[in-house]
Amino acid sequence: MICSEVIKRQVLQLTWRQLSRNSHSIAPVGKVLTNDDFTLLLSDEQRQKCMDKLRNLPTFVPPKSLAYNMREKKPAAVLIALCVERDTNAISLLYTRRSRHLRSHSLQISFPGGKRDEEDASFQDCALRETEEEIGLPRDRVQIWGESNPILLPRTSAIVPVVGVVKDFHISELKLNNDEVEEAISIPLKSLILPSATRHTQFRSGYSGPVLVVDHYRIWGITGYLTYVFLRCLLPSNMKCDALKTSIKFIRPYKLPPPLKHHHVEPKFDDKTL
């Protein structure tokens, strides 16, 4: 009788340990967005809240190790498009993968957009023109919400995000300019807000920034920062994972350990070695 009780207790302990291990290996599940959530996000009230937050972003102050790129004189505009998918009515964000033939940032994921030309009447005009040139999305398909104040970040020109909605969207309607764009991607909003999607990257210069990873797509750098900021402005608190609720800075100084001193030790000789 005593033996059976001991065995039972050992089995229960092993089962508990196994369950504990499995619970740590399961990725946390984020909020599952419903059609009601999508309707709320596209409402006039949520639009106003989102744009008010974007227009009142705090000024970015870089660490001393990073300086603004003073050679970049021309400001740029990008389109952050909230696409309402034709088949599901779910919301996705529209990205492009830059062409492999471009000299800078080739094959990286970005929002459609580019530098403002003299012919552009506004940043909104710039973002819509660049989007049409890059992926063939007509400007009359985009219902503009508004634009943020210029965002000044290190090593790039000032950037103005322009936000808009594209209803009844399907990726097949786009016509890519292969000289500029390798691929157009619509990434579901429900995937971007998963806790497992939010990460960070560490740069050699000693700072880190937000990264979002969905399947094999890695959104980092300036696009990662803009996505992170936009999601924080768009989503109400109950739709954010913990990583999006945390008010982290785009660049956070990362203290590296001091380099190890190299000690040169002179070899010792005795009479036997001579």
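Good morning. The structure holds one aromatic pair; rings of Phe, Tyr and Trp (its six-membered ring) pair if their centres lie within 6.5 Å, with planes under 30 degrees apart counted as stacked, over 60 as edge-to-face and the rest as tilted. The partners are Y95 and F111, which are stacked, at 4.7 Å centre to centre and 25 degrees between the planes. Y95 belongs to strand β2 (residues 91-98) and F111 to the loop between β3 (109-110) and β4 (113-115), so the pair ties together parts that are 16 residues apart in sequence. Helices (H or I, at least four residues) and strands (E, at least two) are DSSP runs, numbered from the N terminus.

A word on provenance: this is a predicted model, in which local features need pLDDT of at least 70 and side-chain atom pairs count only at pLDDT 80 or more, while totals for chains, interfaces and linings use all residues. Residues are numbered from 1 along each chain as its sequence is written, and side-chain values use heavy atoms, with hydrogens and water left out.

Leaving aside residues up to four places away in sequence, Y95 touches, among others, I109, F111, I185, L192 and T227; contact means heavy atoms within 4.5 Å.

I turn to the nonpolar core, a set of buried Ala, Val, Leu, Ile, Met, Phe, Trp, Tyr and Cys residues joined through side-chain atoms within 4.5 Å. The largest one has 44 residues, and those touching the most other members include Y95, L82, F230 and L234. Helix α6 (residues 221-234) supplies the largest share of this core, eight residues. Apart from it lies another core, of 19 residues, among them A77, C126, L137 and A184.

Helix α6 itself is mostly covered, with twelve of its 14 residues buried, including G221, Y225 and C233.

D168, in strand β6 (residues 159-169), has a positive phi of about 50 degrees although it is not a glycine. At 46% relative accessibility, D168 counts as partly exposed. D215, in the loop between β9 (207-214) and β10 (217-219), is likewise not a glycine and has a positive phi near 55 degrees. At 70% relative accessibility, D215 counts as exposed. Thank you.

Notes: Buried means under 20% relative accessible area, exposed over 50%, partly exposed in between (1.4 Å probe, protein chains only).
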